[in-house]
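Here are my notes on the model, point by point. Please read them with the structure open.

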Amino acid sequence: GHTLQGIRGPVATLMRVPAEYEQAIQSALGTRLENIVTERWSDAEAAIAFLKERHSGWATFLPLDTLRARPPIKAARTPGVVGVASELIRFDADLQPVFDLLLGHVLVVDNLRVARRLLSERSGASLLVTLEGDTAQPSGAVSGGARQVQTRVLAQEREWRELPAQLHSAEEALSSASHSVATAQSEIDRLQRTLREQASLLAS
């Protein structure tokens with residue numbers, strides 16, 4: 001088998017995004033959620049050769065040894081500004097260059113009114129994104145509305161991560177329920193024995 005080395009995984013699986021920021025982060029990243037992080041450039045090159053060989057798609061790789069990200073911007077402490085996107089999520093420390101690159105110049109704001117105000121303030125952001133996922137670019141272009149297909153990549157990631165804990169608590173509930181059933185059953189057995197004893201006493 002052809003095993004690929006040094007694959008850390010798609011960006012979507014490498015960060016923890018609080019539920020209230022999922023729409024903003026997902027909108028800011030778009031298809032870059034599928035970018036694949038690798039340890040080294042050579043790992044990316046091998047993976048690309050593999051895709052070509054199998055005619056199995058096209059991907060963008062982010063090799064940790066060659067990524068160059070500008071330092072993230074600082075968020076102005078003004079009403080309506082939530083923060084720099086890369087600071088609103090959690091990820092392993094060695095992935096800092098990945099998230100500086102992808103989200104270090106994205107400002108999350110409350111709404112488009114705030115975005116409009118910031119456009120004239122030279123925030124240094126390459127993208128402004130609202131909590132609902134609408135975006136504004138420094139050029140003045142603004143995007144929003146209702147997507148035909150509501151993608152829930154990040155929500156699904158979170159649900160997958162929460163599954164083991166939910167499964168565990170379901171198992172605990174089940175075992176305590178079956179414990180109660182066992183207790184009830186032994187109580188029934190005891191009562192039936194008592195009844196039988198009394199019946200035999202009466203019969204004698």
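1. A polar contact is a pair of N or O atoms within 3.5 Å; within protein, one must be able to donate a hydrogen and the other to accept it, and residues adjacent in sequence count only if both atoms are side-chain atoms. Helices (H or I, at least four residues) and strands (E, at least two) are DSSP runs, numbered from the N terminus. With that in hand, look at the start of α4: Asn-111 caps its N-terminal end, with a side-chain oxygen 3.1 Å from the backbone nitrogen of Arg-113.

2. On provenance: this is a predicted model, in which local features need pLDDT of at least 70 and side-chain atom pairs count only at pLDDT 80 or more, while totals for chains, interfaces and linings use all residues. Residues are numbered from 1 along each chain as its sequence is written, and side-chain values use heavy atoms, with hydrogens and water left out.

3. Next, the faces of α4. Buried means under 20% relative accessible area, exposed over 50%, and partly exposed in between (1.4 Å probe, protein chains only). In helix α4 (residues 112-119), the buried residues are Val-114, Ala-115 and Leu-118. They span an arc of only 100 degrees around the axis, so they sit on the same side of α4. The arc is taken over the directions from the helix axis to the C-beta atoms. Arg-113 and Arg-116 are exposed on the other side of α4. The cover over the buried residues includes β4 (81-84), β5, β6 and β7 (135-136).

4. Now the cores. A nonpolar core is a set of buried Ala, Val, Leu, Ile, Met, Phe, Trp, Tyr and Cys residues joined through side-chain atoms within 4.5 Å. The largest one has 29 residues, and those with the most contacts inside it are Val-11, Met-15, Ile-25, Val-98, Phe-99 and Leu-103. At least two residues of this core come from each of α1 (22-29), α3 (96-103), β5 (106-109) and β6 (127-130). Apart from it lies another core, of 11 residues, including Ile-73, Val-84, Leu-128 and Ala-136.

5. Which residues form the aromatic pair? The structure holds one such pair. The rings of Phe-91 and Phe-99 have centres 4.6 Å apart and planes at 25 degrees, so the pair is stacked. Rings of Phe, Tyr and Trp (its six-membered ring) pair if their centres lie within 6.5 Å; planes under 30 degrees apart count as stacked, over 60 as edge-to-face and the rest as tilted. Phe-99 is buried, at a relative accessible area of 0%.

6. The sheet is open, with five strands in the order β4-β5-β6-β7-β8 and mixed pairing. β4 and β8 (142-143) stand at the edges with a single partner strand each, so one side of each has no neighbour in the sheet. Two strands pair if DSSP finds at least two bridges between them. β6 and β7 run antiparallel and are joined by two bridges. Leu-128 has Ala-136 in β7 as its bridge partner.

7. Thr-130 lies in strand β6 and is buried, with a relative accessible area of 3%. Glu-22 lies in helix α1 and is buried too, at 9%. Contact means heavy atoms within 4.5 Å. Beyond residues up to four places away in sequence, Glu-22 touches Val-17, Leu-154, Ala-155 and Arg-158.
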